[in-house]
Amino acid sequence: MQLLELQRTMLAELRQPTAPEDNSAAAAYLRPGRRLSARERLGIYHRSYWARLRQSLAEDFPALRAVVGRRRFAALLDAYLIDHPSHSWTLRDLGQHLPAWLEQHREQAGRRWRAALDAARLEWAYVEAYDVAALPPIVADFHADSRFCLQPHLRLLALSSSVDELLPAVHRDGRTQPLPRLRRERVWLAVHRADDLVYYRRLDRIAFTLLQSLGRGLPLGQALPVACAAAPRGSSPESTADAIHAALALATQFGWLCSPPDASPA
Amino acid sequence: MPANRFNGFTQYGVGVGLRIPHYDEILARRPVVDWFEIISENYMVDGGNALATLDRILEQYRVVQHGVSLYFGSAQRLNGDHLRRLKALTRRTGTPWVSDHLCWGSVDGTYSHDLLPLPYTWEAVERTAQQIRHAQQELELPILVENVSSYAEFHDSEMTEWEFLNEVVERADCGILLDVNNIYVSSWNHDFDPMTYVNAIDPARVGQIHIAGHSRFEKYRLDTHDHPVLDPVWKLYARAIERVGHTATLLEWDDRIPPFDELHTEALKANRWLAAAVQSPMAAAQSPVAAPESRHAAA
């Protein structure tokens, strides 16, 4: 058998969810040993493949596991891995499709699908915020035509539950306290990195919309009306203006605003 | 071979793997450690805590890069993005050499994240050597290839594992990271004499040695890196040092990681043999290939 054909055959067998001891053509290309058959030998690699990938996802998505429960989580991971095996040299990327996949496979999460989706999105945002690049922040001089890009490690999430309160609990080692009860509510969240640690910060809807608009490349003069339109019904112009000021101050404080890539040097 | 072109003519002693549970202690206490080995892929990122910690380690320690997913033996070409990021990291660390495994692990863009065994065929020799040569050119650094633990053998194999290793490194003109624990594990799983393997390796190409612990199961041995080094592995190490000379040695411990001092103490046991090699340098490298010993004698 040619090397490429052999490798395709073997990896296809490893990717099967059922153990090769049950159903495998391993004997066609693997020798039996004195103590183990060809299938049993392949089985060592099969267990290792699934254990390593499951463990990697379990480490990255502990809140998702807490939301859907251990048994459902195990089935969910296997279904996900069948659809999305690793296409990266690093296991860090293994869960990158999980939020989108879960959106399409609500049956995998059961009754708590929305909370599960929130957890998956938040935990993937954590993975990204942890190690993506940081750009030098700018001390913004705010004009109507000012354009910014957002700090690459900043992730903005609109969630439908209080799943952000769950994360510190499931990440804490040696947890003995019961997990906090999830509430259905709109949560606008910034996931970002400061001093090499990842933080979550709840935003009001105005701040969230403003940052989202700036991140999409709108100049400040166009982003402001979009943000103002997100103000709660009945808000006074003064309170909306205060919220805008607070949002820009927060973004400046955490260094979330950077020069867009095409900006000419000052 | 105390220092050779495959380890950048360095003369490193006993190192340990840099692992997250030890970060705080190492940075706070600054223990005397000859060098640290890092898993390259853990630091091939654009920012964050891993890189920041690595930079602090580099201020005080020598670091050598060891990779786990270049997959020299994969039938298709190496991942260009991986190589570019790896090269960038080598510039950051100043590693004198780069190591990865003699195995395959990906096909058609799908990754197993495992060190899968190769059939010991001439086709695999050619392909693997070609990929190592390419990586060596791209990285502009010497490459050491590490023998892996294996649990399967192929009908197609045309030579022994040690013959395969020697053929690959000769054609790639690269060095060897000799893992004596992996030799032991594979010898038990495939019923060969591990001393035959150690005695067959070209000593002039060995640039580094790995030692580690493994797990014993009823029907096989598993390379788990979660135990102290076992006696039969120390015996192989002793023989390897006898043949190769004083060589950079690293203890691998990746699971159930003990406190740093305990880990370092285990690694420093290697000095017993390294010291003897210093006393009679090079003589051992010229030693003839010994007669095979029985596997049970080594165990």
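Predicted model: local features only at pLDDT ≥ 70, side-chain atom pairs only at ≥ 80, totals over all residues.
Let me start with one term: a residue is buried when its relative accessible area is under 20%.

Now to a first example. B:Tyr237 is buried. B:Trp273 is buried too. The rings of these two residues have their centres 6.0 Å apart, and their planes stand at 85°, so the pair is edge-to-face. Where do they sit? B:Tyr237 lies in helix α8 of chain B, residues 231-244, and B:Trp273 lies in helix α10 of chain B, residues 271-279. The two are 36 residues apart in sequence, so the pair ties together separate parts of the chain.

Let me stay with aromatic rings. How many aromatic pairs does the structure hold over all chains? There are 22. Take B:Trp162 and B:Tyr197. Their pair is tilted, with 5.5 Å centre to centre and 55° between the planes. This pair links distant parts of the chain, 35 residues apart. B:Trp162 belongs to helix α5 of chain B, residues 161-172. B:Tyr197 belongs to helix α7 of chain B, residues 194-200.

Over in chain A, ring pairs join A:Tyr126, A:Tyr130 and A:Tyr200 into a cluster.

Charges also sit over rings. In chain A, A:Arg106 lies over the face of A:Trp113, at 4.0 Å from the ring centre. In chain B, the charged end of B:Arg221 sits over the ring of B:Trp188, 3.8 Å from its centre.

Next, the core. The largest nonpolar core has 147 residues. Which residues have the most contacts inside it? They are A:Leu64, B:Phe36 and B:Tyr237. Now look at A:Leu64. Beyond four places in sequence, A:Leu64 touches residues including A:Phe73, A:Leu76, A:Leu98 and A:Leu102. Its contacts also include A:Ala116, A:Ala119, A:Ala120 and A:Glu123. There is a second, separate core of 25 residues. Among them are A:Ala140, A:Ala207, A:Ala243 and A:Ala251. As background, nonpolar side chains in soluble globular proteins tend to be buried together.

On to the sheets, chain B first. Eight strands of chain B form a closed barrel, with parallel pairing. The order is β1-β2-β3-β4-β7-β8-β9-β12. On average, neighbouring strands are turned by 30° against each other, direction ignored. Zoom in on one pair of strands. β8, residues 175-179, and β9, residues 206-212, both of chain B, pair in the parallel sense over four bridges. B:Asp179 stands opposite B:His210 in β9(B).

Which helices lie across these strands? One is α5(B), the helix of B:Trp162. α5(B) lies across β7 and β8 of chain B and runs at about 150° to β8(B). Another is helix α6 of chain B, residues 180-190. That helix lies across β7, β8 and β9 of chain B, at about 65° to β8(B).

Chain A has an open sheet of three strands. The order is β2-β3-β4, and the pairing is antiparallel. β2 and β4 of chain A are the edge strands, each pairing on one side only. Neighbouring strands here are turned by 30° against each other on average, direction ignored. Helix α8 of chain A, residues 205-215, packs on this sheet and touches β2, β3 and β4 of chain A. Its direction makes about 140° with that of β2(A).

How covered is β2(A), residues 155-161? Mostly: five of its seven residues are buried. Six bridges join β2(A) to β3 of chain A, residues 184-194. Within that pairing, A:Ala158 has A:Trp188 as its bridge partner.

Last stop: B:Arg62. It is found in the loop between α2 and β3 of chain B. Its relative accessibility is 33%, so B:Arg62 counts as partly exposed. Leaving aside neighbours within four places in sequence, B:Arg62 is in contact with B:Gln11, B:Tyr12, B:Asp34, B:Trp35 and B:Phe36. B:Phe36 is one of the residues with the most contacts inside the largest core.

Conventions. Residues numbered from 1 in each chain as written. Chains lettered and ligands numbered in written order. Heavy atoms only, no water. Core = buried A, V, L, I, M, F, W, Y, C linked by side-chain atoms within 4.5 Å. Buried < 20%, exposed > 50% of the residue type's maximum accessible area, 1.4 Å probe, protein only. Contact = heavy atoms within 4.5 Å. Phe/Tyr/Trp six-rings, centres within 6.5 Å; stacked < 30°, edge-to-face > 60°. Lys NZ or Arg CZ within 6 Å of the ring centre and 35° of its normal. Pairing = 2+ DSSP bridges. Axes fitted to C-alpha atoms, helices over the stretch in contact; angles between N-to-C directions.
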